[in-house]
Amino acid sequence: MTQPDFATLVSQWYRQHARDLPWREPGVSPWAILVSEVMLQQTPVVRVVPAWQAWMSRWPDPAALAADSPAEAIRMWGRLGYPRRAVRLRECAVAIVDRHGGQVPDRLEQLLALPGVGTYTARAVAAFAYGQRHPVVDTNVRRVVCRAVAGEPDAGAVTRPADLVATEELLPAEPAAAALASAAFMELGAVICTARSPRCAACPVESVCAWRASGQEAPAGPTRRPQRYAGTDRQVRGLLLGVLRETTGPVPHQRLDQVWTDDVQRARALAGLVQDGLVEPVGTDAFRLAGDGPSLPTADLTA
């Protein structure tokens with residue numbers, strides 16, 4: 001089977017079986033696609049859909065978000081996880097307004113220069129928003145290509161330059177067809193060629209899959225050890241942010257002390273939130289979400 005045939009088979013399958021997701025609807029703006037890609041990082045689709053809809057309703061373009069405060073972006077992010085993404089997304093909106101007149105750029109190098117936009121996100125926006133030919137490689141795509149082409153059961157946890165090359169070789173020459181194939185590869189890995197329970201009988205390339213032909217089984221355990229959450233600094237950070245999100249303006253240190261009994265861990269988590277630009281001290285004994293009011297003297301975090 002030639003490489004274009006692979007893309008054709010997966011693209012035909014995608015046209016019939018792709019999930020109905022709001023950021024895939026015709027006429028969706030490049031900004032909407034950028035927001036979806038940032039939200040989808042390390043977060044399941046089912047949780048992203050309502051958050052994306054609420055976000056786009058409030059901030060339908062970069063200028064709207066850039067005009068609002070970082071605090072409101074953090075509040076709107078809610079419990080999607082990894083809230084630093086909210087701050088970076090607002091920084092990205094500000095950069096788009098300042099550098100590109102409020103329009104998401106269509107050149108890959110300009111996308112890569114935006115705050116919080118990395119290799120994957122830049123190529124995803126270029127392909128899905130502008131129909132360009134770029135290898136869009138996430139965990140799902142790496143798995144599909146590794147199995148179907150290389151005959152290996154798993155591609156590992158890190159995207160390498162070789163993954164971009166291998167994926168690009170599978171793309172059709174015509175940009176629009178390549179963009180469709182990129183979306184199709186990703187969808188196939190997300191719903192059919194999954195890590196531990198692949199549905200090979202439903203796969204459009206089962207008959208030519210090198211891994212299927214090898215007879216190897218899917219890994220029995222996770223490729224990466226799941227991160228523990230209970231009792232970690234991540235949990236404490238989430239609890240602290242929860243209190244701050246529910247309050248406009250400064251929150252007394254005493255109130256934050258109530259969310260976690262371990263003083264050392266709580267102080268470390270709070271300091272980490274400040275360092276990440278999510279929280280800022282107010283005076284000597286209060287904190288607030290970043291940008292949630294006028295600038296005031298900072299507190300001593302070591303006190």
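**Close-up views of a predicted model**

**View 1. Strand β2 and strand β3 run antiparallel, joined by four bridges.** Strand β2 covers residues 279-282. Helices and strands here are DSSP runs numbered from the N terminus, with at least four residues (H or I) for a helix and at least two (E) for a strand. Two strands count as paired if DSSP finds at least two bridges between them. Look for Val-282, which stands opposite Ala-286 in β3. The hairpin of β2 and β3 has three residues between the strands, and Gly-283 takes a positive phi near 65 degrees there.

A word on the model before moving on: it is predicted, so local features need pLDDT of at least 70 and side-chain atom pairs count only at pLDDT 80 or more, while totals for chains, interfaces and linings use all residues. Residues are numbered from 1 along each chain as its sequence is written, and side-chain values use heavy atoms, with hydrogens and water left out.

**View 2. Strand β3 also pairs with strand β1, again antiparallel.** Two bridges join β1 (residues 251-252) to β3 (residues 286-289). Here Pro-252 is the residue standing opposite Ala-286 in β3.

**View 3. Trp-55, Trp-59 and Trp-77 are linked by ring pairs into a cluster.** The structure holds four aromatic pairs. In Trp-55 and Trp-59, the ring centres are 4.6 Å apart and the planes stand at 70 degrees, so this pair is edge-to-face. Rings of Phe, Tyr and Trp (its six-membered ring) pair if their centres lie within 6.5 Å; planes under 30 degrees apart are stacked, over 60 edge-to-face, and the rest tilted. Trp-55 is buried at 0% relative accessibility, and Trp-59 is buried too, at 1%. Buried means under 20% relative accessible area, exposed over 50%, and partly exposed in between (1.4 Å probe, protein chains only). Trp-55 and Trp-77 also make an edge-to-face pair, with centres 5.8 Å apart and planes at 85 degrees. That pair links distant parts of the chain, 22 residues apart: Trp-55 sits in helix α3 (residues 45-58) and Trp-77 in helix α5 (residues 70-77).

**View 4. Ser-182 is a buried residue of helix α11.** The helix spans residues 175-191, and Ser-182 has a relative accessible area of 2%. Leaving aside neighbours within four places in sequence, Ser-182 is in contact (heavy atoms within 4.5 Å) with Phe-128, His-134, Val-136 and Leu-171.

**View 5. Arg-147 lies over the face of Trp-211.** The distance to the ring centre is 4.3 Å. A charge sits over a ring if NZ of Lys or CZ of Arg is within 6 Å of the ring centre and within 35 degrees of the ring normal.
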